[in-house]
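Hi,

Here is the structure I promised to pass on.

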Amino acid sequence: MTHSPAQSTALLTDHYELTMLQAALADGTAQRRSVFELFARRLPDGRRYGVVAGVNRLLDALERFRFDEQTIAFLADRGVVDQATRDWLAEYRFSGDISGYADGEIFFPGSPVLVVESSFAEAVLLETVFLSILNHDSAVASAASRMSWWAGGRPCIEMGSRRTHEEAAVGAALAAYIAGFTATSNLEAARRFGIPSTGTAAHAFTLLHDREQDAFRSQVDALGKGTTLLVDTYDVAEAVRTAIELTGPDLGAVRLDSGDLPSLAGQVREQLDSLGATKTRIIVTSDLDEFQIAALAPAPVDGYGVGTSLVTGSGYPTCGFVYKLVAREDASGELMPVAKKSPDKISIGGRKWALRRRTAAGVAEVELIGVGEQPVDDGDDRVLLKPLVESGKIVGRTTPEESQAHHQKVRDELPRSASQLSRGEAAIPTDYVGDYNNRNPFRARSHT
């Protein structure tokens, strides 16, 4: 269950969305039936796949996308739009259909991650808020998936709240959980989304006390022997010795937050074992990213805490999603494809449907997209677009646990090459079927 602030989301948008609306209302095109599509033209360098996150937050935002009295008054005071447009906005309720990839789903260049079908007026207003949510959350989830994959089953904890905007931190915690992290340090994310939270103590707690031993004793008395003690404030070996003297072999874990982590983890493991604390785990933090997690794979590490790199998309804080009009009603009432022709920003016109084509062994091999028609399932394909909104009614919410399970399932479908951290092409190609006349801009081959 989610719990989000109740204020309107209608002004989480760009000024020109409303001025376009005013012009379209005036010239009679506002009610033309339209299809908008949200997609990425390419993946960031070094990424073989992306992960969708933010869909449930998007649905929450849509539910609160209302131009209330205060919002209308602001638009009037600023002279953003005229009275006729403000009157229309005061009655705004999205009444169309939205289908999309679920939270936790994998996407590739050209994947129609979101398809919005309604009047031009209703759909164009949603562009900015939809892109804001999905670009941020999917960037975090894409980084988190690589990290949790290379963690190899060792738990990962999201702890990046202090490295980003306070509300972005809440969305990042959920995105990381969807993509395989086990818990967050952010209590608002735990309250709002019901995901597990965890935490013990920072260096400040050790520095508060006259002796490290006093700090450890206080923490153990308060939280029990199963707690995690931070052992690198002063001398690591001395801190480990002190910790085990206080707790015996029952200490839950020690945390390392600095130094040469692979070698230090090995030394601490040997020391713990020599002191009889063979079950005490080693947790490492210290500005980790997927590359450092991969490098730590051979080390005796039991879990990771990840902050800055995670909440900033590990160098790519946006997915590059765009929201484009791909079809609109013509004079005869039929949908006609429309597309940009701008160099390097080409899009493919037409309403899309998508399948993940798999081999007989269940391994993903093609992102198959039908343009103007649904692609034919050859027997073991997986439909990617799920109903999210039907005639204005939200129907596609999922729980964080369902989204996390879905991500694990679909990531397991990918070829093993998808885990590579080096630069290269997407793990599978994007192919198109149907009636389209644009040059394919996504390096896809023709599919027959």
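UniProt, in an unreviewed entry, puts "domain: Nicotinate/nicotinamide phosphoribosyltransferase" at residues 156–326 (positions in the numbering used here, feature name shortened, and annotations may be inferred rather than shown by experiment). This is a predicted model, where local features need pLDDT of at least 70, side-chain atom pairs count only at pLDDT 80 or more, and totals for chains, interfaces and linings use all residues. Residues are numbered from 1 along each chain as its sequence is written, and side-chain values use heavy atoms, with hydrogens and water left out.

Residues 156–326 are 43% helix and 15% strand, with end C-alpha atoms 40 Å apart (DSSP runs numbered from the N terminus: helices H or I, at least four residues; strands E, at least two).

What covers strand S9 (residues 253–256)? Both faces are covered: Ala 253 and Arg 255 on one side, and Val 254 and Leu 256 on the other, are all buried (under 20% relative accessible area, 1.4 Å probe, protein chains only).

S9 runs parallel to S8 (residues 228–230), joined by three bridges (strands pair if DSSP finds at least two), with Leu 229 partnering Val 254. Four bridges join S9 to S10 (residues 281–284), also parallel, and Leu 256 stands opposite Val 284.

Cheers

Key
Buried < 20%, exposed > 50% of the residue type's maximum accessible area, 1.4 Å probe, protein only.
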